[in-house]
Amino acid sequence: MDMIRQYELVEKIRAYNPKADVGLINRAYVYSMKAHGNQKRASGQPYLVHPLAVAGILADLQLDDASIAVGLLHDTLEDTLSTYDEIKGLFGAEVAELTEGVTKLSKISFEDKATEQAENFRKLLLAMSKDIRVLLIKLADRLHNMRTLGAKGSESQKKTARETLDIYAPLADRIGLHVIKAELEDLAFKVLEPDEYGMIARKMAEWRAQDDLVPRVMGALQMELKKAGIEAEVSGREKAIYSIYQKMVKKSLAFDQLTDIVAYRVVVPDKRGCYEVLGMLHDRFKAIPGRFKDYISAPKPNGYQSLHTSVVGPFGNRMEVQIRTREMHDVAENGVAAHWLYKPAKDGEAASGKLVSGEVQAREAAPYRWLKSLVEQLQGVDDPAEFYENAKLELFSDNVFAFTPKGDVIQLPRGATPLDFAYAVHSNLGNKTVSAKVNGSVVPLRRALANGDMVEIVTSPNQHPNPGWRELVVSSRARSAINRYLRQQEQAELTKLGREILEKAAKRDGWKWDINALQAVLKKIPVHQVANVDDVFAALGQGRLFPRQIHDLLFPTAGAPRADEGKLVPPKRKKAAKGAKPGADEQVSKEDSIALEGVMEGMAVHYARCCSPLPGEEIVGIISTGRGISIHMRTCRNLEQFAEQPDRWLPVAWSQAALHGDLRKFVCRLRFHVKSDHGALATITSTIANSDANIIEIASEQRNVDAMSIRCEIEIRNKEHLNKLISQLSALKVMLSVEKIYGWN
Ligand code: MN
């Protein structure tokens, strides 16, 4: 372990603060050395290594002299014979108070009983609220302890890591110390989940070794910026391991599915430059819809500012780019600490490292406001437990707390819906959820819950999860319960479907099969993972296996069956509407029968996103691998790829209910070109809402001085409903054109 030396510390401080009070730093160093004497760290190194390292971290944050001196002194009150008065006498009240604040903070343990925890939390906030530097120093202390955690016993490591992940990383995040937060999280994660940590670290190393994509992308970006005459610095930074892990868990993604392992940054001299870079990027590369965020005109609560966009990059890679000024960058990296960047004192004031009054105001800017409001709350509260709950809600704002009708608290991730709530209570409750009441009124299942909501779940024994539910939940618990149910369901459906496909093909072509015959050829089935007859059916249902192959196994000498299997068999709609159901005794499940005719019982129906068919449009069903059946428009270009697989074509037709517009559930995508006008978006959304269509997503694609292009995904009843909506939209003053689009890109 490299250790920083006293003269290196002084050099580091002088580099950003030439007028630093070196005398103060040196006196603090000598005092700390004397006070700690022969004390050793768990690693066997002299204790002084630790306060020096903490002071070094604070110097990296470019903090003022007092903070760095306290970094050197921070353990003296606790671990040595030093006293507050002695420190005050030698270094002044500011240093003594900060040292005492850090000491108090260090004594707080978050492991105790709930009431003590509440009291301790209150102490923590009080200590921090007097001077936020107390927290900065405490975080530097924790960071160095985490970096050197290896020397401790494994129980003690786990305890410290847990506390770091639960308390200190969120605090660092809250005050915008993102770099420190990420390192704290990774260090803690490594201790708590060594296997997961190792897996992601390995994948990262493999990914890094794959090609030199990052430098190539950076080179290409630099080139484009140069061509556009924009002065800018380009960098690419890998996401931290813990945040990759969280993303994988939250979105149920495998490592290989992640598209944003690296965030590219473009730093420009001024705000105008940010928008110039954005314009250039959207001009040269295809923007990915729904990903643009303007945190410059609307900063995050902790003061963060940047433009974010995602584009398809120069090598076909999807990439996220963050655009900001140098100042925004400093705040993004170091949050509140960036407001402490040293500026030399004005003439006449001592160059002691104290901040001048103008800067005191800057300190009280956005990142500090949440703390102030917490402290204000704190003053009016008698019950520490109640305060703790409220404060925790504010501080750890990734969570929402809702209540059951009996008053039990359910903790959910932010953005959670009533369906997440139901699954958090019990997966059986989730699976049977039909609707929900929040605080007494019925709400849509996609509504995000707020803190304190009382949620009542209405169930039905006939209810089952469907694939659309995955879009309604944010918690990994709900998502995996839904996926588990769907997988089981799908397996059963595929088995049934495969059997029907085989039956249908055999009947059509005039040959016979039975279970025993299938059993006899089981070993010869030319697909993987076929252990029994049900697996054979499932493979048929998935389209991994075709009846023709079964025929050839059962009748090795018979030649091709009668029907021309190679020929496209396009469904005939009229026939489909009536007698085309396979097998006269088949029953159609209730759900599917609502929208479609010609669909077999238990078949999972999926409306293809490539063409998003609407009732009234000509359709065909394609039996698709692992998904049941996909409904496409008859004119969909993607149908060509199934031309050689007639067994996968299924004649289907819209039901009367769907054609009459009784169902409002079909997804349709539109693109508008509108005049750039402040009210344009609002006019469009209210027109859509008034026409009784649901907006699922809306995103602006391109925008210039006089026109912009907007994409929108809506839920609608049928083709007629859409046509009516399009004519209403076309009549709007701001509207230049409207079109239905196929796919997002
Ligand atoms: Mn310490």
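Strand 19 and strand 20 form a hairpin with 3 residues between them. Helices (H or I, at least four residues) and strands (E, at least two) are DSSP runs, numbered from the N terminus. The model is predicted: local features need pLDDT of at least 70, side-chain atom pairs count only at pLDDT 80 or more, and totals for chains, interfaces and linings use all residues. Residues are numbered from 1 along each chain as its sequence is written, and side-chain values use heavy atoms, with hydrogens and water left out.

**Strands and sheets**

- Strands of a sheet pair through backbone hydrogen bonds, either parallel or antiparallel.
- Strand 19 (residues 694-703) pairs with strand 20 (residues 707-716) in the antiparallel sense, over 8 bridges. Two strands pair if DSSP finds at least two bridges between them.
- An open sheet of 4 strands has the order 13-15-14-16, with mixed pairing.
- Strand 13 (605-607) and strand 16 (649-650) are at the edges of that sheet; each has a single partner strand, so one side of each is left without a neighbour in the sheet.
- Strand 14 (residues 619-624) and strand 15 (residues 628-633) run antiparallel and are joined by 6 bridges.
- Ile622 faces Ser630 in strand 15.

**The second largest pocket**

- Its volume is about 690 Å³. A pocket is an open set of points on a 1 Å grid over the protein atoms alone, where a 1.4 Å probe fits, with protein on both sides within 12 Å along at least five of seven lines; lining residues have an atom within 4 Å of a point. The volume is the space filled by probe spheres set on the points.
- The lining has 27 residues, and those closest to the pocket centre are Lys138, Arg142, Asn145, Lys152 and Thr160.
- Helix 5 (76-79), helix 7 (93-107), helix 9 (132-147) and helix 10 (154-174) each give two or more residues to the lining.
- Helix 10 gives the largest share, 5 residues.

**Helix 7**

- Helix 7 has 15 residues and reaches 21 Å from its first C-alpha to its last, close to the 21 Å expected at 1.5 Å a residue. The expected span is 1.5 Å times one less than the number of residues.
- Its buried residues include Val95, Leu98 and Val102. Buried means under 20% relative accessible area (1.4 Å probe, protein chains only).

**Cysteines**

- The count is 0 disulfides, a disulfide being a pair of cysteine sulfur atoms within 2.5 Å.
- The sulfur of Cys712 is 8.7 Å from the closest cysteine sulfur, in Cys668, too far for a bond.
- Cys712 is buried, at 0% relative accessibility.

Conventions: Buried means under 20% relative accessible area, exposed over 50%, partly exposed in between (1.4 Å probe, protein chains only).
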